[in-house]
Amino acid sequence: MPQQTGTADVFKYCKGLLVLIGLIFSNSSFGHSYSYTFNRPQNTQQANYTIELLQLAYTDMGFKLNIIDFNRQNALFAANSGMLDGQLARDISIESAYKNLIRVNYPLFKFNLELYKHCEPSSTKTMDSVAIIASYPVQQRYLDSIDFQGKVIEVKNNTTQLNLLIQQKVEAALLIDFAMANKTIPPALGCYEKQVVATYPLYHYLHISHASIAQQLEATLKKLHNNGTVAKLRSKYKLQF
C-alpha cells in the first residue's frame, strides 16, 4: 500500500508539472500573439487622447497596446507590410494605396485641413503651386477633390512647407490643424491667411492579418463611447469635435 500511494503521488506531481509547463508556454504565446504594436505619433492632445482611448479598448479585450518609436515617414509602408500591426489614426484616403490595412469603423476624432497662403486675393483652384506632406495622403485627396491643376510639391514636414511659403517658392501650403498646434508660425511669413478647407474623421487601422479582432474592437470603442468614457477623455484633453 505505501508503494502504491507513492506511485500515485509521483503521477500527480508529474501531471501537475506538465500543467504548469503548459501554462508557462501558453502565457508566453498569449503575450506574443495578443500584443499589438503601433508607431508613436507626434505629441499632440489628439494623439494622446487616441492612445489612451485605444489602450482602454485593447485592455478591455484582454490585449496589450504597444507604442514604439518608428520613422513616421515609413510608418504607412511598415503597417501595410505587417511590420507594424496597423496605424493608430488615419483618414480613409490611405485605403486605395494601402490595401492591407482595414478600418475599424469608429471615428476617433475629426480634424481640419487648413490652407495657409499670403494675404493676396486668390482661391485654391487658381493657385499655381501648393506644398503638401508626402506621408499625409489626405492632402492629395483634397487637391484631387477640387481638381487642382497647379504644381504640387511634396515635402517631409511642416517646417519645410512654411519655409517654401516664406521663400515664395509655393503660393500655399496645406496643413493639418492638430499637427500645427504646438508650432510657432515664423514671423518671416509676414501677412498670411489661414482657411479651413475641409474636415475629415480619423479611424484606427489594423493590418489584414488581424481582421478577426476588427469588429470586436469597433464594438468595444462604441461601448466606451456609450458609457461616457470617450466624453471624459475628450474633456481631459480639452478636445471639441
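1. A disulfide is a pair of cysteine sulfur atoms within 2.5 Å. In this predicted model, a search of the whole structure turns up one disulfide. Its partners are Cys 119 and Cys 191, with an S to S distance of 1.9 Å. The link of Cys 119 and Cys 191 is left-handed, at -90° about the S-S bond.

2. What does the pair tie together? Cys 119 sits in the loop between strand 4 (101–118) and strand 5 (129–133), and Cys 191 in the loop between strand 7 (172–176) and strand 8 (192–207), so the bond connects parts that are 72 residues apart in sequence.

3. Check the exposure of the two cysteines. Cys 119 has a relative accessible area of 32%, which makes Cys 119 partly exposed. Cys 191 reaches 52% relative accessibility and counts as exposed, because the cut-off for exposed is over 50%.

4. Next, the largest pocket. The space in the largest pocket is about 620 Å³. Its lining has 31 residues, and those closest to the centre are Pro 41, Gln 42, Arg 72, Tyr 136 and Phe 178.

5. Which elements give two or more residues to that lining? They are helix 2 (45–60), strand 3 (86–90), strand 4, helix 4 (137–145) and helix 5 (158–166). Strand 3 supplies the largest share, four residues.

6. On composition, the lining of the largest pocket divides into 14 nonpolar, 11 polar and six charged residues. Arg 72, one of the residues closest to the pocket centre, belongs to the charged class, because Arg counts as charged.

Technical notes
Residues are numbered from 1 along each chain as its sequence is written. This is a predicted model: local features need pLDDT of at least 70, side-chain atom pairs count only at pLDDT 80 or more; totals for chains, interfaces and linings use all residues. Side-chain values use heavy atoms; hydrogens and water are left out. Buried means under 20% relative accessible area, exposed over 50%, partly exposed in between (1.4 Å probe, protein chains only). On a 1 Å grid over the protein atoms alone, a cavity is a set of points where a 1.4 Å probe fits but cannot get out, and a pocket is an open set with protein on both sides within 12 Å along at least five of seven lines; lining residues have an atom within 4 Å of a point. Grid points are joined across faces, edges and corners, and a volume is the space filled by probe spheres set on the points.
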